[in-house]
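Have it open while you read, and go point by point.

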Amino acid sequence: MLARGLDGVDEWERRWRPFEVDATLRVDDAAANAALEELVQRLHDNYPFFHPDYAGQMLKPPHPVALAAYLTAARINPNNHALDGGPATAALEQEAVAQLAQMFGYQTHLGHLTSSGTIANLEALWVASRLHPGKRIAFSSEAHYTHARMCEVLGIETAVLPVDAGGRLHVEALAKCGGEIGTVVVTPGTTAAGAVDDVYAVTNLAHERGWRVHADAAYGGFFTLIAALPEAEMNHASWAALAACDSIVVDPHKHGLQPYGCGCVLFADPSVGALYKHDSPYTYFTSRDLHLGEISLECSRAGAAAAALWTTLRVLPLRAHEGLGPVLLACRRAAIAACDRADEGALLTSVVRPELDIIALAPMRRGERAKASTVSARTETLFTNLMRDRERPFYVAKWRVGGGLIGNVLPTVEWDQVGCTVLRSVLMKPEHGAAVDDVVAALERWPSLSE
Ligand SMILES: *Cc1c(COP(=O)(O)O)cnc(C)c1O
């Protein structure tokens with residue numbers, strides 16, 4: 001695929017008169033190969049993100065189609081800041097973004113890709129603060145940590161709300177808030193446990209109170225494709241209510257099979273574009289059409305990221321029964337199966353019932369009374385020993401259950417310290433479906449590997 005793509009770019013380049021590459025740019029082939037060889041050796045110092053035995057953090061390689069498209073476009077290296085920087089990839093970005101907006105049920109939209117979910121959220125919070133100056137932005141203690149950081153950057157006061165026993169924003173606590181709030185951030189898919197806030201209840205409440213709602217669907221967004229399928233066992237109302245949110249962030253570089261450098265922000269009301277008005281005469285001069293740079297906080301952005309997403313969506317469309325839907329369904333089913341399998345074994349205790357493809361399990365027998373410090377020590381030791389196993393290393397992650405969840409989950413834990421570290425596993429590869437027994441069996445090794 002890559003060779004095809006690069007040949008196509010060669011052909012395009014040959015339309016212009018030939019010229020000599022400057023001597024300053026020429027490198028010795030042997031030296032370049034040696035440097036690459038050195039790089040490859042250095043890259044061996046990585047965890048096997050591509051492999052089903054890596055079931056740790058939210059990491060996996062992009063789809064080969066995305067990579068081929070990215071590198072093909074990167075050979076030209078267009079900049080999607082302005083139409084003049086990359087007319088083709090700017091058009092591809094608009095088409096791909098329109099598909100994302102449609103996936104969420106937006107009737108109208110304004111949006112663009114960003115270099116990350118953090119920048120996309122920053123942009124949504126910035127718009128929120130411009131529309132509700134002086135008001136607070138509310139989010140739960142389980143919302144992504146960058147919301148607090150970005151509110152600090154923007155100089156906005158926050159209101160951190162408690163969560164319920166499922167790790168979801170506590171709607172009754174939100175209902176007690178009043179006119180001090182301008183915007184509520186809901187998280188359909190928290191980063192730690194994949195908890196899905198009750199977007200339906202929050203949007204209803206917010207419409208009564210005149211609050212804006214921003215959905216941080218950086219991780220969970222694509223799951224909306226399968227939310228109506230009975231076998232996905234999801235709360236469909238929450239996902240359908242995304243269409244009623246004022247803005248949505250989704251990260252194609254998380255569940256959209258893209259290489260890093262691909263977030264997206266969407267606004268339901270295109271008129272927020274007026275807030276970005278600025279003058280940068282040296283970048284806009286050939287067209288009166290929309291310049292992506294006019295509606296974004298960032299300047300330079302890889303046009304290659306748009307090319308990669310657009311091409312991926314051509315072959316893996318945003319549908320429930322084909323394309324991306326079945327990929328997500330396999331991950332979702334793996335998490336349900338892993339949780340059921342762990343419950344059956346009675347050697348592990350789930351912290352919350354998984355709502356997406358993330359499982360959180362405490363190394364404690366069913367009904368066991370154990371100190372938080374003991375459970376944390378078991379987690380730490382098992383985590384390290386699984387990774388160091390010579391025969392078959394296994395990679396999981398850890399999660400420190402703290403904040404509003406203390407006392408709310410794990411009823412048999414004795415909270416002798418602030419927080420309890422448990423095992424967490426993100427089953428974000430469809431191959432995890434076939435690896436469920438192996439994942440759970442690895443975690444069930446805590447009595448021999450951690451004591
Ligand atoms: C990952 C994540 C972010 C941050 O996105 P980046 O692309 O890593 O900057 C924000 N919110 C949620 C819910 C996330 O999972």
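**Charges, domains and rings**

1. A search across the whole structure turns up 18 salt bridges, a salt bridge being a side-chain nitrogen of Lys or Arg within 4 Å of a carboxyl oxygen of Asp or Glu. Before going on, some housekeeping: this is a predicted model, with local features needing pLDDT of at least 70 and side-chain atom pairs counting only at pLDDT 80 or more, while totals for chains, interfaces and linings use all residues. Residues are numbered from 1 along each chain as its sequence is written, and side-chain values use heavy atoms, with hydrogens and water left out.

2. Next, the domain layout. The protein chain splits into domain 1 (69-315) and domain 2 (324-450), with bounds that come from an automatic or database domain assignment. Their contact takes 33 residues from domain 1 and 23 residues from domain 2, where contact means heavy atoms within 4.5 Å. Taken over C-alpha atoms, the centres of domain 1 and domain 2 are 30 Å apart.

3. How much area do domain 1 and domain 2 bury between them? About 2300 Å², with 65% of it on carbon and sulfur atoms; buried area here is the accessible area (1.4 Å probe) that two parts lose on being put together, summed over both. On the polar side, there are 11 residue pairs in polar contact between domain 1 and domain 2 (both at pLDDT 80 or more). A polar contact is a pair of N or O atoms within 3.5 Å; within protein, one must be able to donate a hydrogen and the other to accept it, and residues adjacent in sequence count only if both atoms are side-chain atoms. Two salt bridges are counted between domain 1 and domain 2.

4. Have a look at Arg168. Its side chain meets that of Asp164 in a salt bridge (3.2 Å, N to O), and Arg168 also forms one with Glu355, the closest N and O atoms being 3.3 Å apart. Arg168 counts as partly exposed at 27% relative accessibility, and Asp164 is partly exposed too, at 23%. For the cut-offs, buried means under 20% relative accessible area, exposed over 50%, and partly exposed in between (1.4 Å probe, protein chains only).

5. Are Lys254 and Asp251 buried or exposed? Both are buried, and they form a salt bridge with the closest N and O atoms 3.5 Å apart. Arg319 and Glu322 form another, at 2.4 Å between the closest N and O atoms; Arg319 is partly exposed at 43%, and Glu322 is partly exposed at 40%. Asp10, Glu13 and Arg75 are linked in a network of salt bridges.

6. Now the rings. The whole structure has five aromatic pairs, counted for rings of Phe, Tyr and Trp (its six-membered ring) with centres within 6.5 Å; planes under 30 degrees apart count as stacked, over 60 as edge-to-face and the rest as tilted. Tyr47 and Phe49 have ring centres 6.4 Å apart and planes at 65°, so this pair is edge-to-face. Tyr47 is partly exposed, with a relative accessible area of 44%, and Phe49 is partly exposed at 21%. Tyr47, Phe49, Tyr54 and Tyr395 form one aromatic cluster.
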